[in-house]
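Biologist: Here is the model I would like to go through with you. Could you start with the terms and then take my questions as they come?

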Amino acid sequence: MFKRIVLVVLTLIVLAVAGLFALAYRRAIPPVTPPVASAFAPDLVARGEILAGAGYCATCHTAKGGQPYAGGYAMVTPFGTIYSTNITPDPATGIGNWSEEAFRRAMHDGVSRDGSHLFPAFPYQHFNQVTDDDIKALYAFFMTRAPVNAPARQPDIPFPLNLRALQAGWKLLFFRDNAYGPISGKSPEWDRGAYLAEGIAHCSACHSPRNALGAEDTGSSRYGGAVVDSWYAPPLNASNPAPIAWNVDELYSYLHNGGTALHGVAAGSMSQVIHQGLSKLPDADVHAIAVYMADRMGHGDQGAAPDAALAKVMTAATQSSLPQTAPGAAIYAAACASCHYNRGPTPLLVRPELGLNSALTGTDPSTLIQVILHGINADEGLPGLMMPGFAHSFSDAQVAELANWLRQNRTDQAPWPDLEKKVAELRKPSPPDTSK
Ligand code: HEC
Ligand code: HEC
Ligand code: HEC
């Protein structure tokens, strides 16, 4: 009897392991002789360059101070650190001997040329929606770059999560073939915007919350906002916390210029999205994304009439420049008011009005703390403008006091909990992002 049970259990284990391997198995696609650059039409390469911009390939595939697209950029995930790979056409360490079919399979299914599964830190769930035509253009662009010899760095992910075969299970649970097709009843511009935003530009990868296994929320919390790399990416749905509703014009200015007077500026990774990514797209495409996003956020062309909301914020702004006794108010008067001082009816673009900013009105204080500690470089946000960082001037307690006071004084929202602890966390230097 006992022998029999052991036998049954062993058989089940063998079957389960065999099942996993069968599920995970993908064939290797044979290597090809690297195609010569002249094999690709120049206009195809040019179109690929635009798409590579819109997909931020350079941002994720370039290590700090490293060669473009040679990989080694570190992505810190809750499961460990993953390093991007070399996507220059070097045959030994890059994708030089990849056929177009192998490249398309990686982009659409998250499978490397040798058949191993890729981790979803590579946003193939979105690139999956990029048409074959656009994949062809991307392939032409990458195969005509200068090859760089740079071996990939293995992920620092603990066993057994580092087993690539397990990704087959993840895909079974969370990965759907999302080939994008036009939605009936929407304008061609809306469709174009949706195709770009959901596919190559993968806006929801940062703006949607993720579950415990790292999969994006696809239900009602989709685009519900998230903290990514210690920055707060606000919701891009009806729960967006900006006091003045985003409309097409405001979204277009923000995505085109890096900031607007009525909403503030794009710092952190959003600055890279705009200045290293969307800036490569034709203006009409950026406008199409704005049309799609405004509709998602529920306001389309109209937006709520800004006047009442604006008047309220400007009144609070004027009052907060009067002498006050709260400790946060004194820090604000000494360190911030000289630049962020506005008097109605409308704020100036060069002095972001803090009461209008989602960094103050949102559910998470990370962006506000990051900006106070580390400032904003001249090439981030609105180009040419910069804000100094105050990491060396203020203690954690002082930054927390200031953030708490701004929240209380300039918004209607409940206080943020545990501010001082959060400041201490965000003060730490970010991990190195080079494998060299
Ligand atoms: C959010 C960061 C991120 C972005 C944006 C990104 N990648 Fe990647 N990519 C990665 C990571 C990380 C890996 C490695 C995944 C792994 O090791 O499983 C990867 C792997 C790949 C691979 C597989 C390489 C191999 O050797 O298996 C290809 C091809 C690729 N990326 C192409 C692109 C292209 C083209 C773009 C732009 C359209 C792009 N990536 C944008 C993070 C990114
Ligand atoms: C790599 C992560 C990332 C990606 C990808 C990304 N965003 Fe963002 N986004 C952020 C962060 C972080 C912020 C907050 C920036 C700040 O306040 O300085 C932000 C802010 C915004 C805001 C301002 C919201 C507000 O209420 O202040 C808009 C609008 C926006 N993003 C739109 C987009 C669109 C459209 C896309 C796709 C084309 C996109 N984002 C892709 C990270 C990202
Ligand atoms: C020397 C002038 C100056 C001072 C002092 C200053 N700021 Fe700024 N701040 C700016 C400018 C300019 C921008 C927009 C930067 C850009 O677009 O590149 C900005 C942007 C911001 C933003 C918007 C960030 C976003 O992502 O939307 C916040 C929040 C902010 N400042 C808070 C503060 C606080 C709090 C203080 C006081 C500790 C302060 N600033 C001090 C000039 C200043």
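Modeller: Buried means a relative accessible area under 20%, exposed means over 50%, and partly exposed is in between, with a 1.4 Å probe and protein chains only. By that scale His-207 is buried, at 10% relative accessibility.

Biologist: What should I know about the model and its numbering?

Modeller: This is a predicted model, in which local features need pLDDT of at least 70 and side-chain atom pairs count only at pLDDT 80 or more, while totals for chains, interfaces and linings use all residues. Residues are numbered from 1 along each chain as its sequence is written, chains are lettered from A and ligands numbered from 1 in the order in which they are written, and side-chain values use heavy atoms, with hydrogens and water left out.

Biologist: Back to His-207, then. What does His-207 coordinate, and together with which residue?

Modeller: His-207, through NE2, and Met-270, through SD, coordinate the iron atom of ligand 2 at 2.1 to 2.2 Å. Donors here are N, O and S atoms within 2.8 Å of the metal (3.2 Å for Na, K and Ca); water is not among the atoms, so sites may look incomplete.

Biologist: Where in the chain do His-207 and Met-270 lie?

Modeller: His-207 is in helix α9 and Met-270 in helix α11, so the pair ties together parts 63 residues apart in sequence. Helices (H or I, at least four residues) and strands (E, at least two) are DSSP runs, numbered from the N terminus.

Biologist: Why is the arrangement around the iron atom of ligand 2 called octahedral?

Modeller: Because the 6 donor atoms around that iron atom subtend angles of 88 to 180 degrees. Six donors count as octahedral if opposite donors are over 155 degrees apart and all others between 65 and 115.

Biologist: How many residues are around ligand 2, and which come nearest?

Modeller: There are 26 around ligand 2, and Cys-203, Cys-206, His-207, Met-270 and Ser-358 come nearest. A residue is near a molecule if one of its heavy atoms lies within 4 Å of it. The shell around ligand 2 has 20 nonpolar, 6 polar and no charged residues. For these classes, Ala, Val, Leu, Ile, Met, Phe, Trp, Tyr, Cys and Pro count as nonpolar, Asp, Glu, Lys and Arg as charged, and the others, Gly among them, as polar.

Biologist: New topic: ligand 3. Which residues coordinate its iron atom?

Modeller: His-340 (NE2) and Met-387 (SD) do, at 1.9 to 2.1 Å. The 6 donor atoms around the iron atom of ligand 3 subtend angles of 85 to 178 degrees, which makes this arrangement octahedral. His-340 is in helix α15 (residues 337–340) and Met-387 in the loop between α17 (366–374) and α18 (396–410), so parts 47 residues apart in sequence are tied together.

Biologist: Is His-340 buried or exposed?

Modeller: His-340 is buried, with a relative accessible area of 13%.

Biologist: And what surrounds ligand 3?

Modeller: It has 25 residues around it, the closest being Cys-336, Cys-339, His-340, Asn-357 and Met-387. By class, the shell around ligand 3 has 20 nonpolar, 4 polar and 1 charged residues. Its largest share, 4 residues, comes from α17. A polar side-chain atom of Asn-357 lies 2.8 Å from an oxygen atom of ligand 3, and a polar backbone atom of Val-265 is 3.0 Å from an oxygen atom of ligand 3.

Biologist: Which residue pairs with Lys-186?

Modeller: Asp-295 does, in a salt bridge of 3.1 Å, N to O. Lys-186 lies in the loop between α7 (167–174) and α8 (188–198) and Asp-295 in helix α12, so parts 109 residues apart in sequence are tied together.

Definitions and conventions:
Tetrahedral: all angles 85-135°; square planar, octahedral: opposite > 155°, others 65-115°. Salt bridge = Lys/Arg side-chain N within 4 Å of Asp/Glu carboxyl O. Polar contact = N/O pair within 3.5 Å; in protein donor to acceptor, adjacent residues only side chain to side chain.
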